[in-house]
Amino acid sequence: MAETKVADQLDSLVSLERGEIDRRIFSDPEIFDLEMKHIFGRAWLFLCHESQIPRRGDFFEAPMGTDNVLVVRQKDGGIKAFLNTCSHRGNAVCRAEEGNVRNFMCTYHGWTFGLDGELVGVPGSSLFYKDKLDRSKHPLRKVAQLESYRGFVFATFDETAPPLPEYLGATGRLGLDLLAERGDMEVIPGIQKFTVKTNWKFTVDNVFDYYHPQITHMSAFALGLIPAPPDNYMEGGAKSETGANLEVPFLPTDLHNVVMVGEYGHAISGPDQDALEVSTGVEPFAWRHNDETQARLGRHGSRVAGHPHIFPTTWVTAGGQLSLRVPREPGVTEIWWFSFRDKNASPEENAALLSSHIHFFGPAGLLEQEDGENWAQSTLQTKGLHSREVPQLLKMGLGTSEVVKDDGLAIIDAPINEHAQLWTYHSWREWLRNPTWEELRERTVPHDRF
Amino acid sequence: MTTETAEQARLTAVLLQHEVEQFYYHESALLDAHRYEDWVFLFTEDTHYFMPLRRTVTRRQLHLEFTKPGEMAFFDEDKNYLEIRARKFATGTSWAEDPPSRTRHLITNVRIGEKSGDELQVHSNFLLYRTRLKNDLDQWVGRREDTLRRTEAGLAIAKRHIFLDQTVLQSANLSSFF
Ligand code: FES
Ligand SMILES: [Fe+2]
């Protein structure tokens with residue numbers, strides 16, 4: 001009997017009830033192709049921040065699934081995005097990652113495209129084409145829709161996709177608000193880009209994971225790089241290879257978590273601000289200690305101290321960075337870090353912020369070095385004929401939490417749990433069924449209990 | 001007597017070249033032997049250890065290729081942060097380096113430039129070959145711009161700017177020193 005296609009087994013691949021995931025979703029090439037088509041081919045995807053392309057002719061090359069698009073500042077101040085492939089014979093019309101141009105000239109035969117992607121020049125059009133070529137029919141292929149939300153530029157290849165604010169919903173918008181509200185935000189020049197041998201979903205799963213820092217980032221705790229509660233030590237059995245009990249300072253199990261799960265798969269998960277500030281004695285959220293910001297973030301939003309995630313691959317950090325996880329192959333993902341600062345901050349404030357951006361995440365980051373290690377090894381083990389049959393477990397707090405719906409948000413107040421990860425995988429499965437937007441929305445309305 | 005003076009100057013240059021190269025070989029040996037705390041000792045208190053990001057840009061915009069201090073970077077370290085990094089390895093729980101990676105630092109094309117007071121400008125090329133775990137392999141090639149300073153303890157690194165020959169980094173981490 002022929003093996004069943006993985007796509008026909010979606011129901012058995014992800015189980016919200018059991019909190020189990022089939023490991024094959026992390027390495028199967030057929031699944032990867034379906035993701036590119038049904039998720040990255042349809043979703044609103046983050047391209048860049050408007051501050052990266054301030055002047056006319058500024059461009060930034062961004063990934064959309066397996067395609068590369070040029071995001072370009074127009075003469076009239078607007079923004080357009082089109083595929084970086086010549087309408088003649090396909091050559092890339094731009095081979096720089098970012099820069100400024102008057103137009104894009106293809107280096108194959110010289111077809112030239114304006115900032116708006118229109119074909120404005122064809123060498124020898126009368127001599128070679130006898131003036132028969134209709135230029136207006138061969139512009140660069142544009143994305144179907146492009147919109148900005150508070151300076152964050154997104155695009156989709158699906159012209160039937162709902163407008164961006166609707167796609168983001170209350171949860172996704174809050175995720176971006178939590179970055180935009182810090183001031184007059186701009187991207188610091190320089191996008192860190194590096195390559196990890198991992199499936200992109202491991203990098204997403206990790207965003208919400210407050211169980212791992214105590215072990216993964218143990219060395220950073222030990223050096224005081226992350227503030228740790230002084231008298232709480234790990235129980236439950238982490239023992240070193242010599243048999244010694246590891247005295248791990250940890251985020252206490254009763255640390256209050258705020259989880260928000262939203263339509264289409266967006267989620268936020270992490271400590272409640274008060275719980276975090278009390279337990280660690282630091283106040284990293286001073287920027288929101290004023291009434292206006294509190295009001296704009298709302299009653300629930302202003303308590304969030306964890307990491308928001310915009311489905312499928314945009315992570316906003318509590319420290320003011322945005323990370324894009326770019327799938328290149330089933331087992332290869334590029335991590336891109338966009339780092340923000342407030343245009344009106346003092347040089348001292350900016351220097352301190354830059355230092356924290358550089359020292360936490362990125363390939364030399366004192367935290368992310370260790371994360372990449374875990375993702376790569378986890379991915380590797382999904383390839384073994386027998387290893388891949390072992391399910392991924394997401395059972396923490398399973399079935400114990402109430403979902404409260406308020407202000408358009410679906411909120412879970414609970415100790416550290418794995419609800420946001422499960423929600424991401426659940427939504428991922430629904431996307432892969434390639435439903436209509438209405439169906440997708442209905443199937444990703446959060447349940448009442450988790 | 002001018003020929004003798006010229007010869008003398010050449011000899012001085014050769015001796016200095018030898019001293020600087022030996023300093024780099026010693027430095028490389030410390031790193032490849034995982035003696036990071038001894039390595040940090042080679043830096044001055046006011047050192048600046050910096051690895052900018054590199055971008056693929058057109059020739060016309062080559063001046064924008066590297067980020068500058070004050071912009072994003074892979075490393076932007078003072079002595080304190082170098083010490084923190086060295087101590088992190090020593091915790092025994094810095095998993096990206098435990099099991100430790102195996103490195104080989106090859107330093108070549110050492111060119112001594114301007115000298116002023118007790119400081120020397122030195123440019124060099126490097127190949128850092130690294131293997132990790134069973135079969136991970138990274139190779140980084142690039143160039144370093146150092147300011148070396150004569151101190152009582154010998155030569156010390158007062159500034160090191162490292163320019164990698166990669167834009168999208170082809171590695172999962174930079175848990176090695178350059
Ligand atoms: S492929 Fe671009 S001009 Fe021919
Ligand atoms: Fe982590």
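K395(A) and E20(A) form a salt bridge in which the closest N and O atoms are 3.2 Å apart. The pair links distant parts of the chain, 375 residues apart: K395(A) sits in the loop between strand 21 (392-393) and strand 22 (404-406) of chain A, and E20(A) belongs to strand 2 (residues 20-21) of chain A. The model is predicted. Over all chains the structure holds 47 salt bridges.

**Interface of chain A and chain B**

- Chain A brings 40 residues to the contact and chain B brings 39 residues.
- About 3400 Å² is buried between chain A and chain B, and carbon and sulfur atoms give 59% of that area.
- The interface of chain A and chain B contains 3 salt bridges.
- One of them pairs the side chains of R132(B) and E373(A), at 2.8 Å from N to O.
- There are 21 residue pairs in polar contact between chain A and chain B, counting pairs with both residues at pLDDT 80 or more.
- On the side of chain A that touches chain B, at least two residues each come from strand 7 (98-100), strand 14 (192-196), helix 5 (213-216), helix 6 (218-222), strand 20 (332-342), helix 9 (347-360) and helix 10 (368-380) of chain A.
- By class, that side of chain A has 17 nonpolar, 14 polar and 9 charged residues.

**Largest pocket**

- The volume of the largest pocket is about 1300 Å³.
- Its lining consists of 45 residues, and those nearest the centre of the pocket are P284(A), F285(A), A318(A), G319(A) and F360(A).
- Helix 4 (200-207), helix 7 (273-280), strand 20 and helix 9 of chain A are the elements that give two or more residues to this lining.
- Helix 9 of chain A provides the largest share of the lining, 7 residues.
- The lining divides into 26 nonpolar, 12 polar and 7 charged residues.

**Backbone geometry**

- F311(A) and P312(A) are joined by a cis peptide bond with omega near 5°.
- P312(A) is in the loop between strand 17 (307-310) and strand 18 (314-316) of chain A.
- In chain B, the peptide bond from D98(B) to P99(B) is cis, with omega about 5°.
- The loop between helix 3 (79-90) and strand 3 (102-116) of chain B holds P99(B).
- D131(A) is not a glycine, yet has a positive phi of about 60°.
- D131(A) lies in the loop between strand 10 (119-121) and strand 11 (145-149) of chain A.

Conventions. Residues numbered from 1 in each chain as written. Chains lettered and ligands numbered in written order. Predicted model: local features only at pLDDT ≥ 70, side-chain atom pairs only at ≥ 80, totals over all residues. Heavy atoms only, no water. Contact = heavy atoms within 4.5 Å. Buried area = accessible area lost by both parts, 1.4 Å probe. Salt bridge = Lys/Arg side-chain N within 4 Å of Asp/Glu carboxyl O. Polar contact = N/O pair within 3.5 Å; in protein donor to acceptor, adjacent residues only side chain to side chain. Helix = DSSP H or I, 4+ residues; strand = E, 2+ residues; numbered from the N terminus. Nonpolar A, V, L, I, M, F, W, Y, C, P; charged D, E, K, R; others polar. 1 Å grid on protein atoms, 1.4 Å probe; cavity = no way out; pocket = protein on both sides within 12 Å on 5 of 7 lines; lining within 4 Å. Points joined across faces, edges and corners; volume = space filled by probe spheres on them.
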